[in-house]
Amino acid sequence: MIWITIDRTLDIPLTRQVYEQLRTQILNGEPVAGERLLPIRELASHVGVSRNVVVEAYEQFLAEGYIETRPGSGTYVAEGAYLSQQARKDYLSFFEMQHLKEETNDFIDFRSGIPALDMFPRHIWGQTAKRVCKETPHSIFGYDYPEGRIELRHILSRYLKRTRGVHCHPDQLLITSGATQALSLIAKLLLSPRDKVMIEDPITREIQTIFSSTGAVLHPVPVDEQGMKTDLIPLNKKPRFIFVTPSHQFPLGGTLPIQRRIQLIEFARRVDCFIVEDDYDSEFRYQEVPIHSLQGLDPNRVIYIGTFSKILSPALRLGYLVLPPSLIKRCKDLKWFTDLHAPSLQQLTLARFIDERHLERHIRKMKKIYKARRDHLKKCLVEQFGTKVKISGDSTGLHLVAEFQNIEFSNEKVQEIMVKYKVKIYPVELQAIRKGVHQNKIILGYGNLTIEEIGEGIHRLKSALI
């Protein structure tokens, strides 16, 4: 006997509810192959739905081969529609999952790198996207070029020159699906097994994984309050490239001074390697104007990575590479075979958004908001912990580092804080290549937290630590 229950409170079509439940029963062998199914009218009456609901479900089963019709006889379960069920975890079925309500909780998440999602300029972006969609030629809806729309590349090259001191021709720009794809393209372009990469330590684990997944060997170079300690770069090794975040080192937050930048470039020239500059959030510098790029000192030696995930929204998935001329052709080919090209309409919308100066106005607005959040976070830390906490890396961006006396943020400690106190924190040690140096430091992101959430989060953290 077929058992099907209908829940009219769910936002799921009745046909889909009938289909999912009967499909599960057929796959489980109940009913078995060759067994006759109830006629359409009878099943509809049994379940309590209209005849058309069952007709549509049966048509779907017929198209997918679960059932077969025999003229003058009826509808039967087809041979080969049974799938033996292997031992598995207790996953919820499709139908059961629909009954789950989104869990509400009061977690406070100090994750770094997330902008204020509620402050995305929806109205202006929406208006711009609407104009782009209405005014662009039909060709925009076809396949495009791997390097990205020429309109965006022209506008972006001027913007980067004006705001970041980046020197590049539009042909040196390649539009990517965020910084992650840019990093992956660099790895594919430059790295082979046993190649060497000089890299800051600590640095984002995801970046370590992207580079090491090629079989390359990472050589960590320690970081201090001024970024990579360039005097510790081993002179007897020739890397394929050196990876740095010179404007705002992640996660410790230092800014690489001109002396170290020159040291870095001179070393790269001497051993004939590239420098990869990740400029992920330098627009939000609070004390002074943004630091100029390393790329501007040697455009033929530095590969520059930028993203709009921190400025606008991670959901846009738009980033870019500025490449030395010698790498452009090969990188365009790699991009083509990766995903053909970035979304064209998004690119044109962003081009207009920048060209009409909406981006710069948004950055100015958000700098004030983020500075207020950063200042409140610092104030709360000092009020709650006093001299037991040292704050660093707070001159730029959407996070700072808090260093605590006599506290080790082990995995167990972090888990306890999350479960018991509902606060998510992120140890610096997790980003370290050489372990044992940063156990008492945590990264506290504030970009997507309100003033109230920041205060409550630090209050809970004090309860957890003291």
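I take helix axes as lines fitted to C-alpha atoms over the stretch in contact, with angles running from 0 to 180 degrees between N-to-C directions. This is a predicted model, in which local features need pLDDT of at least 70 and side-chain atom pairs count only at pLDDT 80 or more, while totals for chains, interfaces and linings use all residues. Residues are numbered from 1 along each chain as its sequence is written, and side-chain values use heavy atoms, with hydrogens and water left out.

**Helix pairs**

I looked up helix α5 (residues 122-135) against helix α11 (residues 344-355) and found their axes 9 Å apart, at an angle of about 120 degrees. Helices here are DSSP runs of H or I with at least four residues, strands are E runs of at least two, and both are numbered from the N terminus. The pair α5 and α11 is therefore oblique (under 35 degrees counts as roughly parallel, over 145 as roughly antiparallel, 65 to 115 as roughly perpendicular, the rest as oblique).

I then took α13 with helix α14 (residues 451-465): their axes come within 10 Å and cross at roughly 120 degrees. That makes α13 oblique to α14. The crossing of α13 past α14 is right-handed.

**Domains**

I list domain 1 (12-75), domain 2 (106-114 + 365-462) and domain 3 (122-358) for the protein chain; the bounds come from an automatic or database domain assignment. Between the centres of domain 1 and domain 3, taken over C-alpha atoms, I have 54 Å.

**Largest pocket**

I used a 1 Å grid over the protein atoms alone: a cavity is a set of points where a 1.4 Å probe fits but cannot get out, a pocket is an open set with protein on both sides within 12 Å along at least five of seven lines, and lining residues have an atom within 4 Å of a point. Points are joined across faces, edges and corners, and a volume is the space filled by probe spheres set on them.

The largest pocket holds about 980 Å³. It is lined by 35 residues, and R111, S112, T204, E206 and F250 are the closest to its centre. I sorted this lining into 16 nonpolar, 11 polar and 8 charged residues (nonpolar: Ala, Val, Leu, Ile, Met, Phe, Trp, Tyr, Cys and Pro; charged: Asp, Glu, Lys and Arg; polar: the others, Gly among them). Domain 2 and domain 3 each give at least three residues to the pocket lining. At least two come from each of α7 (178-190), α8 (205-212), α13 (411-421) and β15 (426-427).

**Cavity**

I count 1 cavity of 30 Å³ or more. The largest cavity has a volume of about 30 Å³, and its lining includes E200, G227, M228 and Q249. By class I have 4 nonpolar, 5 polar and 1 charged residues around the largest cavity.

**Backbone**

I found a cis peptide bond between E30 and P31, with omega about 10 degrees; P31 is in the loop between α1 (14-27) and α2 (40-47). The bond from D201 to P202 is cis as well, with omega near 10 degrees, and P202 lies in the loop between β5 (196-201) and α8. R317 has a positive phi, near 50 degrees, and is not a glycine.

Definitions and conventions
Left-handed = near helix turned anticlockwise from the far one by under 90°.
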